[in-house]
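The sequence and the structure are shown first.

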Amino acid sequence: MVSHRPVLVEDIILNLLGYQGGIIVDATCGEGGHSEYILERVKPSLLVAMDQDIEILQIARERLKGYDNVKFVYGNFARVDEFLHKEGIKEVSAILMDLGVSSYHLEEAERGFSLYKDGPLDMRLDRAGNILTAYRVVNEYPPKKLECIIREYGEEKWAKAIVRAIVERRKERPIRTTGELREIIEKAVPKRFWPKKIHPATKTFQAIRIEVNRELESLKEALERSVKLLRSGGRLLVISFHSLEDRIVKNFFKKFEKSGVGSVLTKKPIVPSEREVQENRRARSAKLRILEKL
Ligand SMILES: C[S@@+](CC[C@H](N)C(=O)[O-])C[C@H]1O[C@@H](n2cnc3c(N)ncnc32)[C@H](O)[C@@H]1O
C-alpha cells in the first residue's frame, strides 16, 4: 500500500509540460508518486526512476508496472551521471529531486526514522549498501563530533546538553531504540524551552539522519553532476524540506547562473498553497527551486 503523498504536484507538472517526449529523471522516486503524475501528464519517452532505497523502489516498480517507458535504477543520486551513462544515456531533458525521506520511511518503525514509533536506531535509507547506522552515531561517535553534528545539521541550540545526556546514558548501557533516544532528549531539554511547533527531539533526529545518509554531501555532488547531464534548455527541479538543504540548492543555483551555466527560474522558491498544507502537513516546509540550463 502506498503511504506517501507527493508535494507541489501541479507546479512540478506545469514546469515539465514542455518536455513531452524527452527523457526525465525522477532521482528520488520513492513510492513513485511524482513519477506516476509525470508519466500520465507529461508523457516522456523515458522516465528514469531512481532511489537509493531498494525496498521503496520495489513499491514503485509495482505501482508503475503498467508503463513500459520506465527504467528503475537503484543508487545514490550523487552518482546519477554514472548510472545513466551505464544505460547509454548521455543527456536528459529534466531531473527532479524531492529530498529527504518518504512517509513510508516514517511509518515503518523498524527503519528507525520515526520519533513516535519505537524502533531500532537505524535511519539508513540504503540498508543494502550503507553500514553507518544511527546506533553507531549515537553510541560510538566522540562527544565533540556528536555535538557538532547535532548543532550543525540540526541547528539545535541544546546540542551540548543533549550530548551530555547521551554520553551519561551510554556509559551505563547502549542506546538501542528511537524511543530511548527520544526520552533522553526530552529529559535533557528543560520543558519550558521546548519548541512550540515541533517535538524537542525533532532536530536531533534530523541531524543524525543527515549524518547517517551523508545527505548534504550527496546533494552537492548530485547538483554538480545533474546540471552537466541536462541538455540545453533542460530543467533541474529540487524540492527541499529544511533550511540547510534549501541554502545549498539556492547557492548552487546562484553559482550556476553566475558562471553562465543556467538561469534560475525561481527567484523566490515555490511553496505549497495553504490548502495543500492543510491537506498534507508534510508539505508545510517544502520549497521548490528550478534551474534551466542555457
Ligand atoms: C520525499 S521521498 C520522494 C517521494 C516521491 N517523490 C513520491 O512522490 O513518492 C524522498 C526519496 O528520496 C530517496 N533519496 C534520498 N536521498 C537519496 C539519494 N541521495 N539518492 C537517491 N535517492 C535518495 C529516499 O530514499 C526517498 O525514497
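## Residue A161

A161 is found in helix α8 (residues 159–172); helices here are DSSP runs of H or I with at least four residues, strands are runs of E with at least two, and both are numbered from the N terminus. The model is a predicted one: local features need pLDDT of at least 70, side-chain atom pairs count only at pLDDT 80 or more, and totals for chains, interfaces and linings use all residues. Residues are numbered from 1 along each chain as its sequence is written.

Apart from neighbours within four places in sequence, A161 is in contact with A188 and V189, contact meaning that the C-beta atoms, placed from the backbone, lie within 7 Å. A161 and R176 are 15 residues apart in sequence and 20 Å apart in space, C-alpha to C-alpha.

Strand β7 (residues 287–293) has six of its seven residues buried, so the strand is largely enclosed by the rest of the structure.

Strand β5 (residues 230–240) pairs with β7 in the antiparallel sense over six bridges, pairing requiring at least two DSSP bridges between strands. L291 of β7 is the bridge partner of L236. Strand β6 (residues 262–264) also pairs antiparallel with β7, over three bridges, and S263 has E292 of β7 as its bridge partner.

## Two domains

The chain is divided into domain 1 (9–104 + 215–293) and domain 2 (109–213), with bounds from an automatic or database domain assignment. Their centres, taken over C-alpha atoms, are separated by 29 Å. Nine residues of domain 1 are in contact with eight residues of domain 2.

How values were computed. A residue is buried if 20 or more other C-beta atoms lie within 10 Å of its own, exposed if 12 or fewer, and partly exposed in between; C-beta atoms are placed from the backbone. Two residues are in contact if their C-beta atoms, placed from the backbone, lie within 7 Å.
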